[in-house]
Amino acid sequence: LFSPPYYYYSRELRLDSGVVMSIMISLYSVIMGWEKKLFLLLTFPFIAIGFLFKSVIALLSLPIIFLFCLIYKQWNWIKAKYLWLGFFVGGIIVLPWHIIQSMKFGKTFWDQYIGYHVLTRAFQGIGDGMEKISGTKLYYLISLWNYFQPIIIIFFLLLIIYIIHLFFKRNKINPYILAAL
């Protein structure tokens, strides 16, 4: 959310920014839900909204959430009734479009949707299209370095300072700061 590509893509109305926002809100709702269970109600609805933006990419929030819970040893949220109520709300958000498309286009919808847009593109590799245009697999890193100055340098300097600070204090990383990184 703090990177220049997010704002760039938002101005172009690309769906990437919507799914990133949905993933971040779902992660934030779980972190807040560690103390205030009501926030867990937002987790699955925002995953569902992200799913409508960009399909299965929104499901990346689940391993991110589990990684955070593993790092911070926070698992009591899984039993919270608000989380599972949010699961049903998420289903109400995501199912109508899929049902309508299935009724309207039938097997063609599922072949294109699951066959191409989910499976084929998932295993295609990140940046395959840009690799052909730019001639390098490092296109995204080079773009960050070339076009997002001085933010990228400031980001790495702050990250190094924060890691050094943690090393000397021997504290765990604040989950909000880790999520922002």
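Modeller: A contact here means heavy atoms within 4.5 Å. The model is predicted, and helix 5 is where confidence in the protein chain is highest, at a mean of 94. I78 sits in the loop between helix 4 (61–72) and helix 5. Leaving out residues up to four places away in sequence, I78 touches F66, L83 and W84. I78 and L40 are 38 residues apart in sequence, and their C-alpha atoms are 9.2 Å apart in space. Buried means under 20% relative accessible area and exposed means over 50%, so I78, at 30%, counts as partly exposed.

Now move into helix 5 itself, which covers residues 81–105 and contains H98. H98 counts as buried because its relative accessibility is 10%. With residues up to four places away in sequence again left out, H98 touches F51, L52, F109, W110 and Y113.

F51, one of those contacts of H98, is also part of the lining of the second largest pocket. That pocket holds about 180 Å³ of space. Helix 3 (43–54) and helix 5 each give at least two residues to its lining. The lining includes F44, I47 and A48, and also F87, G90, G91 and V94. By type, the lining has 8 nonpolar residues, 2 polar ones and no charged ones.

Next, the rest of the chain. The protein chain has 10 helices and 0 strands. Buried residues make up 28% of its 181 residues. Of the contacts with a separation of 6 or more, 60% are between residues 24 or more positions apart. Helix 2 (residues 15–33) spans 27 Å from its first C-alpha to its last, close to the 27 Å expected for its 19 residues. Its buried residues include V19, I23, L27 and V30.

The protein chain averages a pLDDT of 81, and 77% of the residues score at least 70. Confidence is lowest in helix 7 (residues 128–134), at a mean of 59. Where pLDDT is low, predicted coordinates should not be read in detail.

Terms used. Residues are numbered from 1 along each chain as its sequence is written. This is a predicted model: local features need pLDDT of at least 70, side-chain atom pairs count only at pLDDT 80 or more; totals for chains, interfaces and linings use all residues. Side-chain values use heavy atoms; hydrogens and water are left out. Helices (H or I, at least four residues) and strands (E, at least two) are DSSP runs, numbered from the N terminus. The expected span of a helix is 1.5 Å times one less than its number of residues. Buried means under 20% relative accessible area, exposed over 50%, partly exposed in between (1.4 Å probe, protein chains only). On a 1 Å grid over the protein atoms alone, a cavity is a set of points where a 1.4 Å probe fits but cannot get out, and a pocket is an open set with protein on both sides within 12 Å along at least five of seven lines; lining residues have an atom within 4 Å of a point. Grid points are joined across faces, edges and corners, and a volume is the space filled by probe spheres set on the points. Ala, Val, Leu, Ile, Met, Phe, Trp, Tyr, Cys and Pro count as nonpolar, Asp, Glu, Lys and Arg as charged, and the others, Gly among them, as polar. pLDDT is the predictor's confidence in each residue, from 0 to 100.
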